[in-house]
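Me: I'm new to reading protein structures, and I'd like to take a close look at one part of this one. Could you walk me through it slowly, and then show me how it fits with the rest?

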Amino acid sequence: METKHWTVSEQSFDKQAMKEAAALLKQGEAVAFPTETVYGLGADATNVQAVRKIFEAKGRPSDNPLIVHVANTNQLEDLVEEVPDVAQKLLEAFSPGPLTLILKSKGAVAPNVSAGLDSIGIRIPSHPVGLRLLEEAAIPIAAPSANISGRPSPTKAEHVVHDLDGRIAGIMDGGPTGIGLESTVLDCTEAVPVILRPGGVTAEAIQKVIGTVMIDPGLAVEQKEKPKAPGMKYTHYAPEAPLYLVEDNMQQQADKLTKAGENVGIIATEELAETLDGERIQICGTRKDLATVAEHLYDALRHFKKSDVSVILCESFPKQDVGAAIMNRLEKAATGSM
Ligand code: TXA
Ligand code: MG
């Protein structure tokens, strides 16, 4: 399939590009577009065949439901049974923005969007390009991250091109995404909302608005095995080489592996990198501002190629504020820690 490419800047919207992309979406095609978190792969959420194209292009398992993106709260009415008070408050505080609310579905979207659940995830993204496209299309758009399943989510159009060029109808390049990690997924179908996926809007910020929020106990990672041979089964958000999280003594850990014949790549903040010796160091933001780590993390995970490194070591972070989302993704991506 020939993939159409548009480059759209936040300053001067290319009206023609928006029209073309929105027309393809309305015709039931899958189109990638920027959001403030990561690039999404969108399709008409009411069209079962269109939604199927998302799953096929990504190689995504069909039991994983998709988030439905809308341009404004008016569009919610057709999609959800009710907007509970807490959800209303959160929409006022954080929407448009990196927050997905799970609400009771009216059943208006195609069955393959919600994987058989009677709930629906709704998000209004704040990226001006993504938001403009949603306005132009004026239909609910189902959109997972625009990557091949299992790989790090795309934070630049080139990541999408790398994974999906030739497999989807269009890719709209709106520059790097900004936040860099996916939205917070918050289940609002229970009396006390539950964070199902930590993300751009932190638990601390949500608490300030609604008082209490719970965290899905399923998010606690099981104690992973100590590193064995590199090349163990790759996981979610996985880079090309096995990834290990390093709590301290990065230099010693790297030296030990190098001595054992490994080609070591390191992902580190500026502060740590300054203290390190080594040829393959990829900087991922600064330790004093973890939002910069969120912004650059997926790009850093995509940086090292199989041909260059046999193992990747990555700095660890405290699990507070945005650090919770960063560590959630890193622990999923990692083979182990040391
Ligand atoms: O920032 C984001 O959320 C990005 C951009 C493109 O908006 N999208 C994204 O989508 O990360 P995806 O498909 O990669 O992740 C969607 C997450 C999954 O963990 C899925 O299980 C959960 O949301 N989800 C969707 N609908 C749900 C539902 N009804 N109940 C529970 N979880 C749901
Ligand atoms: Mg994803």
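Which residue in E3 does phenylalanine 33 stand opposite? Please start from there and take me onward through the sheet and the ligand.

Reply: Happy to! One thing to keep in mind is that this is a predicted model.

Phenylalanine 33 stands opposite glycine 40 in E3. To see the setting, look at the two strands involved: E2 covers residues 31-33 and E3 covers residues 40-44, and they pair in the antiparallel sense over 3 bridges.

Now zoom out to the sheet. E2 and E3 belong to an open sheet of 11 strands, and its pairing is mixed. If you trace across the sheet, the order is E1-E8-E2-E3-E7-E4-E6-E5-E9-E10-E11. At the edges stand E1 (4-7) and E11 (214-215); each has a single partner strand, so one side of each is left without a neighbour in the sheet.

Strand E4 (67-69), strand E6 (119-123) and strand E10 (194-197) each supply at least two residues of the shell around ligand 1. E6 gives the most, with 3 residues. The space that ligand 1 takes is the largest pocket.

Who are the neighbours there? There are 23 residues around ligand 1, and those that come nearest are Thr37, Asn64, His69, Ser183 and Arg197. Sorted by class, the shell has 12 nonpolar, 7 polar and 4 charged residues.

Threonine 37 has a polar side-chain atom 2.6 Å from an oxygen atom of ligand 1. Arginine 197 does something you can compare with it: a polar atom of its side chain lies 2.9 Å from an oxygen atom of the ligand. With serine 119, look for a nitrogen on the ligand's side, as a nitrogen atom of ligand 1 is 3.0 Å from an N or O atom in that side chain. On its own, ligand 1 has 680 Å² of accessible area, and the protein covers 88% of it.

The peptide bond from serine 95 to proline 96 is cis, with omega near 0 degrees. Proline 96 sits in the loop between helix H3 (85-94) and strand E5 (99-104).

Finally, here is another sheet to set beside the one we began with. Its 5 strands form an open sheet in the order E14-E13-E15-E12-E16, and the pairing is parallel. The edge strands are E14 (281-283) and E16 (336-337), each of which pairs on one side only. E12 and E16 pair in the parallel sense over 2 bridges, and leucine 245 stands opposite serine 337 in E16. The phi of asparagine 249 is near 55 degrees, a positive value in a residue other than glycine.

Definitions and conventions
Residues are numbered from 1 along each chain as its sequence is written. Chains are lettered from A and ligands numbered from 1 in the order in which they are written. This is a predicted model: local features need pLDDT of at least 70, side-chain atom pairs count only at pLDDT 80 or more; totals for chains, interfaces and linings use all residues. Side-chain values use heavy atoms; hydrogens and water are left out. A residue is near a molecule or strand if one of its heavy atoms lies within 4 Å of it. A polar contact is a pair of N or O atoms within 3.5 Å; within protein, one must be able to donate a hydrogen and the other to accept it, and residues adjacent in sequence count only if both atoms are side-chain atoms. Accessible areas come from the Shrake-Rupley method with a 1.4 Å probe; for residues, only the protein chains shown count as cover. On a 1 Å grid over the protein atoms alone, a cavity is a set of points where a 1.4 Å probe fits but cannot get out, and a pocket is an open set with protein on both sides within 12 Å along at least five of seven lines; lining residues have an atom within 4 Å of a point. A molecule sits in a cavity or pocket if more than half of its atoms lie within 2 Å of its grid points. Helices (H or I, at least four residues) and strands (E, at least two) are DSSP runs, numbered from the N terminus. Ala, Val, Leu, Ile, Met, Phe, Trp, Tyr, Cys and Pro count as nonpolar, Asp, Glu, Lys and Arg as charged, and the others, Gly among them, as polar. Two strands pair if DSSP finds at least two bridges between them.
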